[in-house]
Amino acid sequence: MAKTLHITFTITIILLFSSSSIPCTQSQTTREYYYWNENNGVEDLIDQVCKRTPFYDLCISTLHNNPLLSPKSDIKQVALIMVNNILSNATDTLNYIEALLKHTKDPQLEQALALCAESYIPVVRFTLPQAAVAISQGHFAFASYCISDAVKEVNSCEGRLVKSPSDKSPLGDRNDVVQKLVDVANAIIKLLLKA
Amino acid sequence: MEGIKDDVGHVPLLEAEEEEEEEEGRRPLRLRGSYLGIFGSTVFLVSMAALIIYQGHDYYDEAKIENKGNNNNNYNKVPRGVAEGVSAKSNSFLSETTPSYNWTNAMLSWQRTAFHFQPERNWMNDPNGPLFHKGWYHLFYQYNPFSAVWGNITWGHAVSRDLIHWLYLPEAIVRDMWFDINGAWSGSATLLPGGEIVMLYTGYTHQQVQVQNLAYPADASDPLLLNWVKYAKNPVMVPPPGIGPNDFRDPTTAWFGPDNKWTLTLGSMLNDSGLSLVYKTTDFINYELNDHFLHIVPGTGMWECVDFYPVSINGSVGLDTSANGPGVKHVLKASLDDTKLDYYAIGTYFIENDTWIPDDPDLDVGIGLRLDYGKYYASKSFYDQNKQRRVLWGWINESDSEVADITKGWASLQTIPRTVLYDKKTGTNLLQWPVEEIESLRLSSHEFKELLVKPGTVVPLHIGPATQLDIIAEFEIELLGSEGIVNNVEGCGVGAVERSAFGPFGILAIANDQLSELTPIYFRLSNHGNGTSTITTSTSFCVDETRSSKAPDVSKQVFGSKVPVLNDEKLSLRVLVDHSIIESFAQGGRTVISSRVYPTEAIYGAARLFLFNNATDINIKASLKIWQLNSAFIRPFPFHDTQ
């Protein structure tokens, strides 16, 4: 009887300790230590980072052959490049929205585009530039907040333009690309937060 | 804050679980080894589970009655603040004989709002230095870091992208120098053309003199403006000769004039006449006092929180504080210390000698129109260059007892920020309206078209939960019986129970099914013949708190005022319901009433919304659109959040 109780007790303790390692935050994979072989250099770094983002191919194509990356680069520099890339994409998208606004004759579309512009303007003027500065200063939590903000605004724009799955966005896939890039940047900054 | 939807008034679930845990611990120990082992691991298991569940413990469940010192009798003879030379910051309506109600945790927790700005705990009063900078709206506010009553005043700080979703930041200005050791009081921001920010605020010195101090951001490139530096040689303004040391506070935003100087104003008084002093500066360090006042109105007493700004008579956009020229009028506003009411007047600014006169001397500052006819004080506006509008903040104090505030651990709210425009249709009023960003909180909606409400009836509106609402309503009147009734009872009467020919009618908010607690928001029309065949109608807009709660220890008044209604206009109102605060707007914001309600029964799932018509001689046809409003999830800035 005592033996059974001892075994039960031991099993309970073991179960307890294994359950206590259930993380309160997101994925466990982010606790891995990042390392890459400096001899493989830039490509290995890009691969390691992009693997941990939701859009691997997009991430790779953005960073591949980027002149700003060197074998000495770290995740921070990758994040910076990504954010600046989004900024130029978002600026282009905003310009395109404003051009469309000037030429459209459909009042409903005009309203949707105007609201979209209202979403993009603070992202281009403040949110993304501030995220970039924050990353370079090591304020990763603030950068993460900014990027999440940008995610919301871009999603809000898309929501205004595409109400049903059959709708085609007047922005083509510009908005979609920005959305994905922002998700990628978000993931990269979370790597910085967990490191 | 989403309410616990249990209208039986149960003590929240968490407390019950706490008791369970304690019972486990009290089981008698048996000293046999193996049983001890099982017992030990069980306790360990339970405490591990408890630890995980209670991560997000809400501090309300720790609310206890704290009687600080000798405060069994909390009815201070002199209201808080008066001794230090500011307006009364506690409610003196309660007499020594008012019984205190047995507030439960459920009732008190329900009072906390879902989308109005309030700090996590403790006392707040005047809004300070609001501004927009690099993508962020900033709100600073008078804050007591230590308790839920006025005192130890520092500047709290919060930021938002959209004036609705706020994130708390650390305190911006604390009382750590001789020139503000007794209080870092109210002040305003001036945004310079080069992008610099200058903050002027009132400090209460170690010798109990009110002075004006200069502060500026420590790091101009920090979008959150976390840290502030005080000018080393503060104060920059001290009470001038003839002005009392306790009659000198609340500097405004400065405006730039054709004399290439910055001008600002602050309130004071002489012999019971409220007035506004004028200072000029080029560097915000050295100031010259003008020899004449911006304006003075006899009998109005000390002017606190003076606000002075231009409005476009075209009425379509807000104007920068420095704007001037044809097509511009200026608004002068003061918070009257003696009556704790905010008054404004529209008039003309003579920039050549920095004086201002009202368009209508009968509606001068302190004797004419009020910004808000309810519980509202210390308002302050700022020019939002992001969206080119003038935005107005106002402080809403509690109307319950100090004991209740200490028990629940907090006191006061800010209004939802309002845009301010000149009402070009009447030419006499300002129009205030909740900022459009509040619409981002809208969830599901219900629409009602032309509901008929006969005299003496109440119509329930089935909209689901009724504690977080955005209500837009229009009313049409159908005369019954013969025309020519002259009914010249004006004003709000003693409340919604007082029937007359053409009113009251409107909505009942935060009401329960039995209508034992309810808050009517209503119109009352009256017409008066003047002997000839012409009959003029006047409309009053009112909020009646007298039956808002069964508790005796809360203030329950009838608030209201006349509201201009033009011939081609329907009667319209907008109401924001957010737990213990109701903001009501009539005729597009010509008349606004903020009120506080503290129901004991009409809370959580028991709160309802009704239409009512207590008039005797008219039918009402009401059309409404009602949205459920989400919480704004106001919380600390996620500096360490890894989510």
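What follows is a chat about a predicted model with chains A and B.

Q: Hi! Before I get going, what kind of model is this?
A: Hello! The model is a predicted one.

Q: Let's begin with chain B. How many helices and strands are there?
A: Chain B has 4 helices and 37 strands.

Q: And what share of its residues is buried?
A: Of the 643 residues in chain B, 57% are buried. On the contact side, if you take those in chain B with a separation of 6 or more, 65% come from residues 24 or more positions apart.

Q: Which domains does the assignment give for chain B?
A: The domain assignment gives domain 1 (121–434) and domain 2 (440–629). The contact between them takes 30 residues from domain 1 of chain B and 27 residues from domain 2 of chain B.

Q: How far apart are the centres of those two?
A: The C-alpha centres of domain 1 and domain 2 of chain B are 32 Å apart.

Q: What area do they bury between them?
A: About 2300 Å², with 58% of it on carbon and sulfur atoms. On the domain 1 side, B:Tyr373, B:Ser399 and B:Trp433 lose the most area to domain 2 of chain B, and together they make up 27% of what that side buries.

Q: How many salt bridges and polar pairs cross that interface?
A: The rule finds 4 salt bridges between domain 1 and domain 2 of chain B, along with 14 residue pairs in polar contact. As for secondary structure, strand S24 (residues 430–434) of chain B gives the most to the domain 1 side of the contact, with 5 residues.

Q: What about B:Lys425 and B:Glu569, how do their side chains meet?
A: B:Lys425 and B:Glu569 form a salt bridge with their side chains, at 3.8 Å from N to O.

Q: What is phi like at B:Lys134 and B:Asn260?
A: B:Lys134 has a positive phi of about 50° without being a glycine. B:Asn260, also a residue other than glycine, has a positive phi near 60°.

Q: Where do they sit, and are they buried or exposed?
A: B:Lys134 is in the loop between strand S1 (122–133) and strand S2 (136–144) of chain B, and is partly exposed at 33% relative accessible area. B:Asn260 lies in the loop between S9 and strand S10 (262–270) of chain B, and is exposed at 54%.

Q: Okay, B:Arg161 next. Buried or exposed?
A: B:Arg161 has a relative accessible area of 17%, so it counts as buried, the cut-off being under 20%. Its place is the loop between strand S3 (154–160) and strand S4 (166–173) of chain B.

Q: What does its side chain pair up with?
A: A polar contact of 2.2 Å joins the side chains of B:Arg161 and A:Asp149. A polar atom of the B:Arg161 side chain also lies 3.3 Å from the backbone oxygen of B:Gly135. Contacts of B:Arg161 beyond four places in sequence include A:Thr127, A:Cys146 and B:Trp136.

Q: Which helices do its buried residues pack against?
A: The buried residues of H4(A), among them A:Ile75, A:Met82 and A:Ile86, pack against helices H2, H3, H5, H6 and H7 of chain A.

Q: And A:Leu181, what is it in contact with?
A: Outside four places in sequence, A:Leu181 contacts A:Leu58, A:Thr62, A:Met82, A:Asn85, A:Ile86 and A:Asn89. A:Leu181 lies in helix H7 of chain A and is buried, at 2% relative accessibility. A:Leu181 and A:Thr62 are 119 residues apart in sequence, with their C-alpha atoms 9.0 Å apart in space.

Notes
Residues are numbered from 1 along each chain as its sequence is written. Chains are lettered from A and ligands numbered from 1 in the order in which they are written. This is a predicted model: local features need pLDDT of at least 70, side-chain atom pairs count only at pLDDT 80 or more; totals for chains, interfaces and linings use all residues. Side-chain values use heavy atoms; hydrogens and water are left out. Buried means under 20% relative accessible area, exposed over 50%, partly exposed in between (1.4 Å probe, protein chains only). Helices (H or I, at least four residues) and strands (E, at least two) are DSSP runs, numbered from the N terminus. Contact means heavy atoms within 4.5 Å. Domain bounds come from an automatic or database domain assignment. Buried area is the accessible area (1.4 Å probe) that two parts lose on being put together, summed over both. A polar contact is a pair of N or O atoms within 3.5 Å; within protein, one must be able to donate a hydrogen and the other to accept it, and residues adjacent in sequence count only if both atoms are side-chain atoms.
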